[in-house]
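Hi everyone, thanks for coming. Let me put the picture up, and then we can walk through a few parts of it together.

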Amino acid sequence: DADAAAIGAVNTIRFTKTGLKGYNTDVTGFVNSLRPLLLPTDKAALILGTGGAAQAIAFGLTKLGIEYRFVSRSPVGGNLKYEELDSTVLKRFQILINCTPLGTYPEVDAAPPIPYKQVTRNHLFYDLIYNPELTTFLKRGLETGARIKNGLEMLHIQAEASWEIWNREE
């Protein structure tokens, strides 16, 4: 569909009379799970990682009217490097979204290399990972008083969106 084409990633396919059609339910899951957490001060986000899920997250942030920048180990274009994150950057970007696999099994102690000591209770940490429920990234955010959310609700919303796609009438 148009959203999946704009994102450049498909995670749900449907067999139609004319062939396969691809969709991206990451956007729906992310937007609908993030929206209730947003405060009026949440105007800008750092997307940690640049893979397919990160592209969907960027698309969702645009839908929400939230400015964003990508952060990666080897940035391309206007992306930030992890080494560039400091107190000035973290004051401007209150939302930090982990779209990397850091923190999943077997490296459950791993976390994105951000300056956690610069994080405050004004920040929101969102991790697409849902197993473990509390990743090291989220634990470190919680220690600073930041609001946190893992990706389990996003997964549930995505599953419902996929079910609707597969079962709708043509």
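Before we start, the words helix and strand: both are DSSP runs numbered from the N terminus, a helix being H or I with at least four residues and a strand being E with at least two. Please keep in mind that this is a predicted model, where local features need pLDDT of at least 70 and side-chain atom pairs count only at pLDDT 80 or more, while totals for chains, interfaces and linings use all residues. Residues are numbered from 1 along each chain as its sequence is written, and side-chain values use heavy atoms, with hydrogens and water left out.

Let's begin with helix 3. It covers residues 52–64, which makes 13 residues, and spans 19 Å from its first C-alpha to its last, close to the 18 Å expected at 1.5 Å a residue. That expected span is 1.5 Å times one less than the number of residues.

Which residues of helix 3 are buried? They are A54, A56, I57, A58, G60 and L61. Buried here means under 20% relative accessible area, exposed means over 50%, and partly exposed is in between, using a 1.4 Å probe and protein chains only. The cover over those buried residues includes helix 1 (2–7), helix 2 (26–34) and helix 6 (152–167), along with strands 3, 4 and 6.

Helix 3 also belongs to a right-handed β-α-β unit with strand 3 and strand 4. Right-handed means that, with the strands pointing away from the viewer, the path from the first strand over the helix to the second runs clockwise. Strands 3 and 4 pair in parallel over 5 bridges, and I47 has F70 as its bridge partner in strand 4. To count as a pair, two strands need at least two bridges found by DSSP. Strand 4 also pairs in parallel with strand 5 (residues 80–81), over 2 bridges, where V71 stands opposite L80.

Now to strand 7, residues 124–127. In a regular strand, side chains alternate between the two faces of the sheet. Strand 7 is covered on both faces, with L124 and Y126 buried on one side and F125 and D127 buried on the other. Strand 6 pairs with strand 7 in parallel over 4 bridges, and N98 is partnered with D127. Strand 7 is joined to strand 8 (residues 147–149), also parallel, by 3 bridges. From strand 7 the chain passes through helix 5 (residues 136–143) to strand 8, in a right-handed β-α-β crossover.

Definitions and conventions. Contact means heavy atoms within 4.5 Å.
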